[in-house]
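Biologist: I am new to this structure. Please take one part, the place where the two chains meet, and go through it closely.

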Amino acid sequence: MRFPRWLLSDRTGLVLLAVLMIIGIGVPALNLLVPPDHPLHLTAYTVTLLGKYLCYALLAVSIDLVWGYMGILSLGHAAFFTLGGYCFGMYMMRQIGTRGVYGDPVLPDFMVFLNWKDLPWYWHSFDMFWFAALMVMVVPGLLAFIFGWFAFRSRVSGVYLSIITQALTYALMLAFFRNEMGFGGNNGLTDFKDILGYSIHADETRIVLFVLSALALAGGYLACRWLVSTRMGRVLVAIRDSEDRTRFLGYRVEQVKTLVFTFSAMLAGVAGALYVPQVGIINPGEFAPLNSIEAVIWVAVGGRGTLVGAVVGAVLVNYSKSWLTAALPEVWLFALGGLFVAVTLLLPYGLIGLLRRRRETAS
Amino acid sequence: MPSRTLIRAGFLTFALTLQVLLGVVPAHAADDAAVQATLVQLRDADFDGKAELVETLAASNHPRLAPILKALYDSRLYYQEENNRTVIGLNDAAEITIEDAVTGAALGAVSKRSLDRITANNRLRSLIENRLASLGLASADSQQRKAAVEAFMRNPDPSGAAPLRERLAVETDGGIKESLTLALALADLASDDATVRATAATALGGQMQTEIRGRLTRVAADDSDANVREAAKSALSRTEFRLQLLGWAETLFFGLSLGSVLILAAIGLAVTFGVMGVINMAHGELMMLGAYTTWLTQQWLPVNWSLPVAVPLAFLVTALVGIAIERGIIRFLYGRPLETLLATFGVSLILQQAVRSIFSPLNRSVAAPDWMSGTILLGPLEVTLNRLVIVGFCIAVFALLWLALQRTRLGLEVRAVAQNRAMARAMGVRSARVDALTFGLGSGIAGVAGVALSQLTNVGPNLGQSYIVDSFMVVVFGGVGNLWGTMVAGLSLGVANKLLEPWTGAVLAKIVVLVFLILFIQKRPRGLFPQRGRAAEV
């Protein structure tokens, strides 16, 4: 078997894939094969936590693709992530069936509670796994396509685009908070029972979800890496560095942008869909502009325009978040805020950039 | 309805005071014994009998009439068996202090058990209210005459209309004359003559008082005569029209007040973003600091004086914080707007957490000074004073900022740097200093906006976050680098929000406006009033 050249030349990427393979096999092994009282045993909680980080990492990769390579700072990527999550949450809601508190075979609990008689049209077909799995990519993709189509065609760029992406996710948050939207309002979707008949509380299901997250991250990384190594990838970088010049050279900048933006949103949607069964809840708070900006800072910490950096940043920042919010909850926002300032001032190319510079000065 | 009763009681106290203080009731008439005799009969009469007795009393024009009727109204009129006389209880204790009903002579305290309470029902009370109203009409004080007419309108019994007609003939005050006419028309609605009823209904058209509208609605539905029903209906439709106009005016005012808040929040951003091209995500948190400064001043100063002190203080505090941010962070990031955005977002998180750690995560309530609470009437429109003050405040801040940018040396330098940094530097403008001061100015205005916000919402660590998206939208909608654009954008977004609200609810209105803005920016990426020329190329 021969690796394509774009992959072979990407040494950090190969390291990432190797690490993903190791944890993809190692973590389930440490959970299933090592007896629970052994110090190396990983609890199901830890596995789920790691799975969550991998989902965040996939979101970060999708942001890095548009920000690092195309220069679009999206402050609304968490919206695509959350939409993907909602789509998959809808599937899991439909799976609850008569096991809900009100025992209605069709309507989810919150609809019974609101005295709804029929399932809204957009909830139909979500009882089928394949349909939900498709929608996980189609819904965020469609939104990104429509949004991008309008925004890029009228050449909204730079901070203006950042601000309207933020407004987009803010508007979605307000909308999903409304009970009338039919997505459970404030509480969102929760109380999930199973996926394809497997209980989401079972350790085995959690392991499978973790492995799937690792695979999705690896797949997402490979797709992005491949994309940026193609001719189109060069155009992306050209757009980032000088949009006008690229346009004058005859490239259809808005088409490229829309395409890549849509692809990135679909990746974010997949990440959200894998995230929701692992945390067991999805609610409108996930749309909060803060979440999107936080995801951007993961990318900045790891190093934008490297893809690997996005993964590193997402895992590092979230690990510190889990640790700090438990140990010193007061300090977390100070730390995060300080991180924003420090990274932009001192580490414009992130941790990966720091490593590369080291290597270059060494050689 | 307790509030209704309270109002009535309040009016009666009014009428009573007036009778006693001004002595307007002629002090002649039937002698005390006759009145006492009537009063004694009250004890055994049924409610119909009591009503007749009250009429007799009202006809007597006795100087003590008002206090007696008032006491009966309040169930404070007692019959004292041992002396066979009627007394008024002045308190409601077991040992009750009494005075003679007819002479008003103090009689000391007696056991409550030795007295028989003379009861009243609501029908009797409304009769009393009506009769007392007629008494008040003769007052020399126009306020009290007005109160008397209003009391009559709440309870327009045609049998009590005669004193109103007499008063109308001699009344000189235009406002009271008008109310008298309305009151008489209301009484005429109960007339036996259908033509009189129809005329009365027509005369009442366009009047917005709830009593009048209620009566007209009933007449329009139940009157036996078709013409009267028609007249009442057309009168009601005129009322509806006026109400609608008033509703629109109210919406407009709410929109303006929301718009002024938006302008206040956005105008500082317009300076930093528009003039300097710097995205300051910590702008909302600077407003929050301004609001906390207000809260702090209120801890030291009396509430009524705190706001005039808080405004300059908040400006100073936030301007200094702003200058610190500019010198410490932003100046290293000029030309990299996206990085500036992230760095200032970090600052906003730090400020939020700092406030949370120092002042607690709970909301602080900032008290409203007396001169900002309550409502006033602008024509027929009732507006809350604090919103009106904020509209005025917004205008003042806007005017000051405009003057500062147009008429001062610093303003000139700011505009020069905004238009062409290199050329301004070549002309000797110290651009670094100008940047710091501009950022300080924008931040200071955010602080001042925070003072205004503290009067409208709770002051808490999340105060800024809820305004940041909105204020960016205002700046972008209006066109970057254009203060007038910001003003127009703020006002129109405020009004649009409030216009949509009745149809869609507050949240959906906000969403609709956001979606509209997202679409608008696609159409006109540079806002309503784009900057023209080379300066527009970022």
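Modeller: On the side in question, 34 residues of chain B are in contact with 37 residues of chain A, where contact means that C-beta atoms, placed from the backbone, lie within 7 Å. The elements of chain B that give two or more residues to this side are α14 (337–359), α19 (465–478) and α21 (506–523); helices are DSSP runs of H or I with at least four residues, numbered from the N terminus. With 14 residues, α14(B) gives the most to the side of chain B that touches chain A. By class, that side has 26 nonpolar, 5 polar and 3 charged residues. Here Ala, Val, Leu, Ile, Met, Phe, Trp, Tyr, Cys and Pro count as nonpolar, Asp, Glu, Lys and Arg as charged, and the others, Gly among them, as polar.

This is a predicted model, in which local features need pLDDT of at least 70 and side-chain atom pairs count only at pLDDT 80 or more, while totals for chains, interfaces and linings use all residues. Residues are numbered from 1 along each chain as its sequence is written, and chains are lettered from A and ligands numbered from 1 in the order in which they are written.

Residues 309–329 of chain B are 95% helix and 0% strand, with end C-alpha atoms 30 Å apart. Residues 385–405 of chain B are 100% helix and 0% strand, and their end C-alpha atoms are 30 Å apart.

Note on methods: Contact = placed C-beta atoms within 7 Å.
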